[in-house]
Amino acid sequence: MTPFIRLHPQDDVLIARQQLLGGATVESITVKGLIPAGHKIATHAIAAGEPVRRYNQIIGFASKAIAAGEHVHTHNLDMGPDKGDFARDYAFGADVKPEPARLEASFMGIKRADGRVATRNYIGILSSVNCSATAARAMADHFSRQNHPAALEKFPNVDGVIALTHGTGCGMDTEGMGMQILQRTLAGYATHANFAAVLVVGLGCESNQINAWLANSSLREGETLRVFSIQDTGGTAKTVAKGIALINEMLPQANAVKREPCSAAHITIGLQCGGSDGYSGISANPALGAAVDLLVAHGGSAILSETPEIYGAEHLLTRRAVKREVGEKLIQRIKWWEHYTQINQGEMNNNPSPGNKAGGLTTILEKSLGAVAKGGTSNLQAVYEYAEPVTAHGFVYMDTPGYDPVSATGQVAGGANLICFTTGRGSAYGCAPSPSLKLSTNSALWRKQEDDMDINCGEIIDGSSTVAEMGQRIFELVLATASGEQSKSETHGYGQNEFVPWQVGAVM
């Protein structure tokens, strides 16, 4: 096995499979200085200002002359004088391919009365505003299996009672984009298949009025959706007591479920990557993409997101758009982000993070080209705004920030009943009510943090597995997890604190 990886014959860089010392030879090139594992080596001399390619795509421009064998990173590679604003060939629909032959697979799911299928069975408590977060948490704490095991002892089919709270809901324009996003997110969770029933708790005087939210979301109270506020109930203690009583009423019905065989077409995966490294686009991301192609062939759906982390690779997605308007909607969201970062005195290359750079990623262009690999090769069926209900089947896109908790919150609001999360640095993350699988990009991370990782895609780097083989393993793990097998993050209790709706606009 070579100590480096060449991804494309036309690439200007190789990727170090292991740390390389000065004087070592790769492809008859003498390495100059220390090259950390996962980082890039120039295959030939590159003049200042010239584009540099990886995956046969531009990942940046030489900020100064680079010698053959030299380390290529932030000291000599940047976005160029136009900050990545170079011509891209969107070629709308050019790579659309015939739909794959339909395959059949099943998992043990929970069928709701209205035909929705769940992978988990929770009772949820949502706060309309930060002011009711403490009361919501107190209700959930009463039913904690760790602290009060007797509370759910008679209800083994209920996965838990969880409180999903947030830091907003007031001090905002009641008609603005921020309020629309928050209400859309809460509605998506209130109707999520993985909740058998939901309480929504408010303060009473907040901007996000519960009655307005119900009307705007076409929702109404019933046996499985109850709403109330602290001020109307008479204070915190009475509110907590009322919530506990309502949940006790909901538990018998929530417990009256059983898992039964369901088509894999009912699985919708939210695709995430966090703490990425130089191997993400070589191992875990393309392996997840292979699993996505399998899921789509079985009738399921996958949601790619994190718009700031596809920047510079969006042309690879527009080529797969089934309709020109689908591709154009994606470009509209890219343009929105360029404007959004500019008015906030930032730029798209504020991402990658310091951890990403330590792992070998240099520019957002490089990170994005690896990130889009999570989406496999299937046709792009639709593009959604944040937290919109995902109604199309197959591979779709949802506009979200790159910050993982915010992004995944939007995907779950849209209907994702499982999350797959790749990481090369060791992100600590879980999701509720949808289980989250963590995919390690390298074996060193797997050995160091195995109790957080669900599968080791570093075997691809090591040469002991292929992308296709790993994709099959991920698909099988998705089916097992959707059937009730716990993910590592679930065993650690992650999920409640990771509910983070996207906050847009002025805080008043």
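These points walk through a predicted model, from its overall form to single residues.

1. **Overall make-up.** The protein contains 15 helices and 23 strands. Its C-alpha atoms fill a box of roughly 75 × 45 × 45 Å along the principal axes. Of its 508 residues, 58% count as buried.

2. How does the radius of gyration compare with that of a compact globule? For 508 residues, such a globule would have a value near 23 Å. The protein has 24 Å, so the two agree.

3. **Helices α6 and α14: geometry.** Two packed helices are described by the angle between their axes and the distance between the axes. Helix α6 covers residues 284-297, and helix α14 covers residues 467-482. The pair packs at an angle of about 60 degrees, with axes 7 Å apart. That angle makes α6 oblique to α14, because roughly perpendicular would need 65 to 115 degrees. The crossing of α6 past α14 is right-handed.

4. **Helices α6 and α14: residues.** On the α6 side, the contact is made by Pro286, Ala287, Leu288, Ala290, Ala291, Leu294 and Leu295. They meet Val467, Met470, Gly471, Gln472, Ile474 and Phe475 of α14. By class, this contact of α6 with α14 has 11 nonpolar residues, two polar and no charged ones.

5. **Helices α1 and α5: geometry.** Helix α1 spans residues 133-142, and helix α5 spans residues 236-255. They pack at an angle of about 45 degrees, and their axes lie 9 Å apart. The two are therefore oblique to each other. Their crossing is right-handed.

6. **Helices α1 and α5: residues.** From α1, the contact uses Ala135, Ala138, Met139 and His142. From α5, it uses Thr239, Val240, Gly243 and Ile244. Sorted by class, the contact of α1 with α5 has five nonpolar residues, three polar and no charged ones.

7. **Thr25.** This residue belongs to strand β3, which covers residues 25-26. Is Thr25 buried or exposed? Thr25 has a relative accessible area of 52% and is therefore exposed, as the cut-off for exposed is over 50%. Thr25 and Pro3 are 22 residues apart in sequence. In space they are 9.5 Å apart, C-alpha to C-alpha.

8. **A cis peptide bond.** Which residues does the cis bond join? They are Ala432 and Pro433, with omega at about 10 degrees. Pro433 sits in the loop between β21 (418-423) and β22 (436-440).

9. **Glu306.** Glu306 is not a glycine, yet it has a positive phi of about 65 degrees. The residue lies in the loop between β18 (301-304) and α7 (314-318). Glu306 is buried, because its relative accessible area is 1% and the cut-off for buried is under 20%.

10. **Ala387.** Ala387 also has a positive phi of about 65 degrees, although it is not a glycine. Where is Ala387 placed? It is in the loop between β19 (380-384) and β20 (395-398). With a relative accessible area of 1%, Ala387 is buried.

Notes: Residues numbered from 1 in each chain as written. Predicted model: local features only at pLDDT ≥ 70, side-chain atom pairs only at ≥ 80, totals over all residues. Heavy atoms only, no water. Axes fitted to C-alpha atoms, helices over the stretch in contact; angles between N-to-C directions. Helix = DSSP H or I, 4+ residues; strand = E, 2+ residues; numbered from the N terminus. Parallel < 35°, antiparallel > 145°, perpendicular 65-115°, else oblique. Left-handed = near helix turned anticlockwise from the far one by under 90°. Contact = heavy atoms within 4.5 Å. Nonpolar A, V, L, I, M, F, W, Y, C, P; charged D, E, K, R; others polar. Rg over C-alpha atoms; globule rule 2.2 N^0.38 Å. Buried < 20%, exposed > 50% of the residue type's maximum accessible area, 1.4 Å probe, protein only.
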